[in-house]
Amino acid sequence: MTKPSLPDLLHAAVSAVGGTERPGQVAMAEAVAEAIDDNSHRLIQAGTGTGKSLGYLVPALAHGERVVVATATLALQRQLVERDLPRTVEALHPQLRRRPQFAMLKGRSNYLCLHRLHEGAPQDEEDGLFDQFEAAAPTSKLGQDLLRMRDWADETETGDRDDLTPGVSDKAWSQISVSSRECLGATKCAYGAECFAEAARERAKLADVVVTNHALLAIDAIEGAPVLPQHEVLIVDEAHELVSRVTGVATGELTPGQVNRAVKRASKLVDEKIADSLQTASETFERVMELALPGRLEQIPEDLGYALMSLRDASRNVISAIGATRDKSVHDEDAVRKQALAAVESIHGVAERITNGSEYDVVWYERHDRFGATLRVAPLSVSGLLREKLFEDRSVVLTSATLKLGGDFNGVAASLGLSPEGVEGDDVPVWRGLDVGSPFDYPKQGILYVAKHLATPGREGTRGDMMDELAELIEAAGGRTLGLFSSMRGAKAAAEELRGRLDNPILLQGEETLGELIKSFAADPKTCLFGTLSLWQGVDVPGPSCQLVVMDRIPFPRPDDPLMSARQKSVEEHGGNGFMAVAATHAALLMAQGAGRLVRASGDRGVVAVLDPRLATARYGSFLRATLPDFWYTTDRNQVRRSLAAIDAAAQADGK
């Protein structure tokens, strides 16, 4: 039988989901197939509306080898497993003569733990276990959630937290879940045969396509113990998020509260002398942290160094002793011991890492009004790790709507550990970039307006001229505004000010769940939605409810951000331009994502307004503008008001 052609397969899949084939999607599918066939790598920028999921799924399914698809957001994981994959598999079956299997795999703590559910959670203060269902008042929100989860446990087939609707708080979920370090292991656990996490792993081992998240991909790369099944092809969707997700997984932290909990958990399981040494080390660390001031620690202060060495040594002694202890008064000792070990091992790992003092790590203090001080350690760069672990034994395709920054792929490629495009060598992963464009006509559908007449934003203080400009733009647009702010303080100040000036309802992030806010915003065209980071990337509101996207300023990282400033300094020490490589690249990525909120469908029209004159006047402005969609560009405030009023009038005439 002749092998079915890729265009025929793509046509069948697109027809099955009721879509329209687009040239960009065809070009993407061909590039993915080529990368898989010659075992090379691709960076593919595919704009909103391209249909990139099918652009990579069809060639991946046609190839026949196991594929892992890693995404950043839960929404895309669900879309792939619940909608795109079932339809695509059925559509391709007549030509492929097989039905590829697919499965979703997440970290262990995303699944209900039957042992924790039935036996309870080991408690810090008590011998034995804590029955969370008895302790939480049934009338409280926590108590109601726990009872609902107990009923759900009898009917769920997956045990996956995301299948529980409505959802529950992290605190409630933590009562019935465990981390991989706390897990007893299927062979030692009385519920091992029924374990939801183990069942998910088994399904993944049998699947042709495994859908996972960036965090699990990072754990698989960093920890050395494989979590994902062997695979020949890796597709990373939403790839602009990968570096920050991997950095997050590779970041360690220590807090006095965390150390105290570990002391309580371990004290019943080791002799008094060993427990006392950990208690003393904990108290020393707590005293140091009380005086901690926020900021980077280029050298570890002597008092902190001493406290960390004490913690490291005391926790190592606990880890050695804990395995040999058998305390008859402790109920379900295996679970209690495993949880205590996990807590102490985490402290030992971070204390040892900071004490060893790698030049490739950045260490800093953070301080929170409610929770006090935290000590953090993160890698200066994850590019070496990604280069070594990601691109060695498989073909990798990375795709996103924003991978070209300033007009080329090399900035993102460098962050992933790749050499500039076209550079070849013995140990250099070969990759090519492809921009398949977008089906949208950006110059006709959107305007990029830069408020060049405004004052340059300073670090502090309200911007009266910016507030006036924002109010006038919203009035011209008749509402319909998504306000993207570089800080929560800025978003709150604008919401408070404009609620007093305008008749339009103004929703503010944090006053309701993000899902509810977006639903309310989409439902009423007169409404505005203001917020910060998660709105820059997480809003998909096609149609007339979002016809003005405003950015209050260029979202450079804060000058006092320890990790970003350390990365910038490192680039400069190696002869590069730290500002462009780190700060401008960070801002470009966010601005491209933010501007992408405007045009979500072929009928959308509107304005992206940047209330920061530097986008028009600064030398780096052209780099940032080259990263944004190719909207019609203007700095004429009167022109943009007339355009917004016309767009609003047209929407009203359509009854929207």
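1. Where is the place of Leu96? Leu96 sits in helix α4, which covers residues 74-96. Helices (H or I, at least four residues) and strands (E, at least two) are DSSP runs, numbered from the N terminus. Before we go on, please keep in mind that this is a predicted model, in which local features need pLDDT of at least 70, side-chain atom pairs count only at pLDDT 80 or more, and totals for chains, interfaces and linings use all residues. Residues are numbered from 1 along each chain as its sequence is written, and side-chain values use heavy atoms, with hydrogens and water left out.

2. Let us stay with Leu96 for a moment. Leu96 counts as buried because its relative accessible area is 13%; buried means under 20% relative accessible area, exposed over 50%, and partly exposed in between (1.4 Å probe, protein chains only). Apart from its neighbours within four places in sequence, Leu96 is in contact with Pro4, Leu9, Leu61 and Ala62, where contact means heavy atoms within 4.5 Å. From Leu96 to Thr527 the separation is 431 residues in sequence and 49 Å in space, C-alpha to C-alpha.

3. Now for the charges. The structure holds 33 salt bridges, each being a side-chain nitrogen of Lys or Arg within 4 Å of a carboxyl oxygen of Asp or Glu. One of them joins the side chains of Lys106 and Asp162 at 2.5 Å, N to O. This pair links distant parts of the chain, 56 residues apart: Lys106 is in the loop between β3 (102-104) and α5 (114-119), and Asp162 is in the loop between α7 (141-155) and α8 (170-174). Lys106 is buried, at 5% relative accessibility.

4. Asp313 forms a salt bridge with Arg312, with 3.0 Å between the closest N and O atoms. Asp313 is partly exposed at 29% relative accessibility, while Arg312 is buried at 16%. The side chains of Arg614 and Asp612 also meet in a salt bridge, at 2.7 Å, N to O. Arg614 is buried at 17% relative accessibility, and Asp612 is buried with a relative accessible area of 0%.

5. Salt bridges can also join up into a network: Glu469, Glu472, Arg637 and Arg641 are linked in this way.

6. Which residues form a negative surface patch? They are Glu392, Asp393, Asp426 and Asp427. Patches are made of residues with over 30% relative accessible area and no salt bridge, with like charges joined within 9 Å and nonpolar side chains (Val, Leu, Ile, Met, Phe, Trp, Tyr) within 5 Å. Glu392 is exposed, with a relative accessible area of 56%.

7. Finally, have a look at the backbone. Most residues other than glycine have a negative phi, and most peptide bonds are trans. The peptide bond from Thr165 to Pro166, however, is cis, with omega near -10 degrees, and Pro166 lies in the loop between α7 and α8. Glu238 is not a glycine, yet has a positive phi of about 50 degrees. Glu238 belongs to the loop between β7 (233-236) and α11 (242-249) and is buried at 13% relative accessibility. Arg480 has a positive phi too, near 55 degrees. Arg480 is placed in the loop between α19 (464-477) and β15 (481-484), and is buried with a relative accessible area of 2%.

Methods:
Accessible areas come from the Shrake-Rupley method with a 1.4 Å probe; for residues, only the protein chains shown count as cover. Lys and Arg count as positive and Asp and Glu as negative; His and the chain ends are not counted. The place of a charge is taken as NZ of Lys, CZ of Arg, CG of Asp or CD of Glu.
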